[in-house]
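Open the model in your viewer and keep the selection tool handy. We will take a short walk through it, one stop at a time.

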Amino acid sequence: MSAKDVNPNGPKHVAIIMDGNGRWATQRNRPRLFGHQAGAKRVRQAVETCPSLGVKYLTMFAFSTENWKRTQSEVSGLMALFRRYIQREANYLHRLGTRVRFIGDREKLDKKLQALMDYLEKLTENNDVTHLTIALNYGARDEVTRATQRLAVEIAEKRLRPEQVNSEVLASFLDTYVLPDPDLVIRTSGEARISNFLLWQSAYAEYEFIDTHWPDFTPEVFASVVARFGGRDRRFGAVKA
Ligand code: IPE
Ligand code: IPE
Ligand code: MG
């Protein structure tokens with residue numbers, strides 16, 4: 001697909017719940033981390049595919065606030081993978097013109113990983129080809145809770161009056177304050193649930209639940225899901241004239 005084939009009604013912001021790495025590995029009699037490594041490779045391809053699909057914003061769910069409940073070895077393996085991923089991919093993402101941001105509570109992540117996240121954000125801060133947001137230690141309830149705490153401080157210190165709080169003001173306290181809302185949320189691997197991802201921001205998103213495991217999410221699969229989006233009639237609560 002070339003840039004001229006881009007559907008103007010296609011999604012501008014696609015958010016992906018990258019699920020199924022563990023099952024993909026288990027089907028191959030390999031450890032779960034093998035699946036996570038295979039999954040990480042698909043992230044680069046998804047970013048590369050965005051311009052040809054007309055997707056400007058790509059948000060990827062990499063680690064949830066609930067994923068700490070997994071075994072210590074899986075959690076530390078994932079954290080090591082995130083560190084290696086940033087080290088290996090930073091220059092390539094920068095060359096592609098990708099602007100990288102992270103959302104989630106980074107204070108609970110190890111200092112080395114936090115420093116790499118800061119480095120990658122800074123390195124790519126003037127890029128504008130594709131805006132890649134990685135949700136790492138992200139949970140929508142946690143995000144809204146942290147936003148509410150900051151908002152409460154603003155009110156307590158009288159920089160904001162309670163009656164000034166509306167949905168725009170609240171959204172400006174969320175981790176995603178600079179991003180448009182997602183138009184399309186894709187979850188791979190067959191589960192039809194949201195698992196605490198972008199609850200506020202996805203109020204009017206279209207959802208696609210596909211059976212493909214994340215390590216099998218090729219550019220062709222991505223293109224076919226985006227193409228289906230073009231056929232949907234989004235009404236945002238109104239009646240179409
Ligand atoms: C998604 O794959 C990646 C993370 C949550 C980090 P899973 O690890 O959830 O894979 P399944 O769902 O067990 O197959
Ligand atoms: C959601 O997947 C989180 C990520 C993809 C990072 P999970 O595999 O953690 O979700 P549940 O446990 O099936 O709801
Ligand atoms: Mg899962």
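**Rings, helices and a buried alanine**

Start by selecting Phe 34, which counts as partly exposed because its relative accessibility is 26%. Keep in mind along the way that this is a predicted model.

Show both rings: the structure holds 10 aromatic pairs, and Trp 24 and Phe 34 form a stacked one, with 5.7 Å centre to centre and 25 degrees between the planes. This pair joins distant parts of the chain, as Trp 24 sits in helix 1 and Phe 34 in helix 2, 10 residues apart.

For another geometry, select Phe 63 and Trp 68, an edge-to-face pair at 5.0 Å centre to centre with 75 degrees between the planes. Phe 63 is buried at 0% relative accessibility, whereas Trp 68, at 34%, is partly exposed. Then pick Phe 61, Tyr 138 and Phe 197, a cluster linked by ring pairs.

Back in helix 1 (residues 21–27), click on Ala 25. Ala 25 is buried, at 0% relative accessibility. Beyond its neighbours within four places in sequence, Ala 25 touches Arg 30, Pro 31, Arg 32 and Gly 35.

Last stop: show helix 2 (residues 32–53) with helix 3 (residues 72–95), whose axes come within 10 Å and cross at roughly 30 degrees. Helix 2 is therefore roughly parallel to helix 3, and the crossing is right-handed. Among the residues making the contact are Leu 33, Ala 40 and Val 47 of helix 2 and Leu 78, Leu 81 and Tyr 85 of helix 3. Colour the contact by residue type to see nine nonpolar, four polar and six charged residues.

Key. Residues are numbered from 1 along each chain as its sequence is written. Chains are lettered from A and ligands numbered from 1 in the order in which they are written. This is a predicted model: local features need pLDDT of at least 70, side-chain atom pairs count only at pLDDT 80 or more; totals for chains, interfaces and linings use all residues. Side-chain values use heavy atoms; hydrogens and water are left out. Helices (H or I, at least four residues) and strands (E, at least two) are DSSP runs, numbered from the N terminus. Buried means under 20% relative accessible area, exposed over 50%, partly exposed in between (1.4 Å probe, protein chains only). Contact means heavy atoms within 4.5 Å. Axes are lines fitted to C-alpha atoms, for helices over the stretch in contact, and angles run from 0 to 180 degrees between N-to-C directions. Angles under 35 degrees count as roughly parallel, over 145 as roughly antiparallel, 65 to 115 as roughly perpendicular and the rest as oblique. A crossing is left-handed if the near helix is turned anticlockwise from the far one by less than a right angle, and right-handed if clockwise. Ala, Val, Leu, Ile, Met, Phe, Trp, Tyr, Cys and Pro count as nonpolar, Asp, Glu, Lys and Arg as charged, and the others, Gly among them, as polar. Rings of Phe, Tyr and Trp (its six-membered ring) pair if their centres lie within 6.5 Å; planes under 30 degrees apart count as stacked, over 60 as edge-to-face and the rest as tilted.
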